[in-house]
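Biologist: I am new to this kind of model. Could you walk me through how to read it?

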Amino acid sequence: MWLLALTAVKVLNPILPSSTAPDTEPQIAKRCSPSPFQPSFFRRLRYYRPLPTSRMSPFILPSDNPRIKRVHSFDELVTTRFAAGVNALCWQRELPDGFGEVVTTLGADEGITSLDEPILQALVVGATGRAAVAVLIADLRLLRDRGLSPVLDCILGYPRDDEPGPVPTDVYSFHADSATVEADTYLCTYYGATSEGLRNEEAQQRVTIPSTRVELLTQFGGADNGEFQEYLKENCYDLHYAALPAARPFEFGVGNLWRIAIDYPGSPVPPCIHRAPENIPGQPPRLLLIS
Ligand SMILES: [Fe+2]
């Protein structure tokens, strides 16, 4: 049954203005953003198996992670400076039901579908779905009003590396976001599997793993010098991390709005290492806001 004709357009992961200077910050491109999928203009209603109850259990912030700070309002989220090692701020929220209805009604069946306000307002949903739509629109406006460029995506899968190399560089790999000037990343998962974080102390930059570095040097075909460093940077190899054997990755949880530190020159804290969860066939897509 054809349900909707959506003018879904995928945009590249956002350009990141600084939360500290929203009116003046130049627009900068994030390194290593996933490339877009081709949009589908007609979406078919699809039914997904319900999410496992484990994904619906109450979210608990890791209490033993001093790099995470809990905040209690949007204003506190955007105005708190990263300092003293804290590189992730979490505004923990209990949102209404209805995001599953939004996802089902969209009927996306592949890749990434970006949603804007007109698309959201055109969805034919019940009362619970409308409550979810109201939250989505309110969050988009909150971020836009701060000079940010939020993108709301329904995600069945991100692009993966074309060929496996010494260092994975897609968003399923633990990585740091990066920019050339001060910036940060906001994200919220409303539905589906949530983003995952990795403590900096439990991560190793992949380019520092001896066997990986040898492979990269072979691929580069030169010496371990400044040119090689530039090569690592150009290919985003320097942004990816391996979890140490005893690492304890943590979930960002559903409904919580996070602001995480990224890698930029002069950052006072190390970047927050994170990744997208695997998209499991048959499971519902994710509904993710990112800016
Ligand atoms: Fe990222």
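Modeller: Gladly, and burial comes first. A residue is buried if 20 or more other C-beta atoms, placed from the backbone, lie within 10 Å of its own, exposed if 12 or fewer, and partly exposed in between. Alanine 84 has 11 C-beta neighbours inside 10 Å, so alanine 84 counts as exposed. This is a predicted model, in which local features need pLDDT of at least 70, side-chain atom pairs count only at pLDDT 80 or more, and totals for chains, interfaces and linings use all residues. Residues are numbered from 1 along each chain as its sequence is written.

Biologist: What is the mean pLDDT of the protein?

Modeller: pLDDT is the predictor's confidence in each residue, from 0 to 100. The protein's mean is 84, with 80% of its residues at 70 or more. Over residues 1–29, though, the pLDDT is below 50. Residues 33–56 are also below 50. Where pLDDT is low, the predicted coordinates should not be read in detail.

Biologist: Where does alanine 84 lie?

Modeller: Helices (H or I, at least four residues) and strands (E, at least two) are DSSP runs, numbered from the N terminus. Alanine 84 sits in the loop between helix 1 (74–79) and strand 4 (88–91). Its phi is positive, about 55 degrees, although alanine 84 is not a glycine. Cysteine 236, not a glycine either, has a positive phi of about 65 degrees. Cysteine 236 has 18 C-beta neighbours inside 10 Å and therefore counts as partly exposed.

Biologist: In what order do the seven strands of the open sheet come?

Modeller: Two strands pair if DSSP finds at least two bridges between them. Here the order is 3-4-12-7-14-6-5, with mixed pairing. Strand 3 (68–71) and strand 5 (112–115) are the edges, each pairing on one side only. Further in, strand 7 (residues 184–191) and strand 14 (residues 286–290) run antiparallel, joined by four bridges.

Biologist: At what angle do the axes of helix 2 and helix 4 cross?

Modeller: Axes are lines fitted to C-alpha atoms, for helices over the stretch in contact, and angles run from 0 to 180 degrees between N-to-C directions. Angles under 35 degrees count as roughly parallel, over 145 as roughly antiparallel, 65 to 115 as roughly perpendicular and the rest as oblique. The axes of helix 2 (residues 99–106) and helix 4 (residues 127–145) come within 7 Å and cross at roughly 95 degrees. The two helices are therefore roughly perpendicular to each other.

Definitions and conventions
Contact = placed C-beta atoms within 7 Å.
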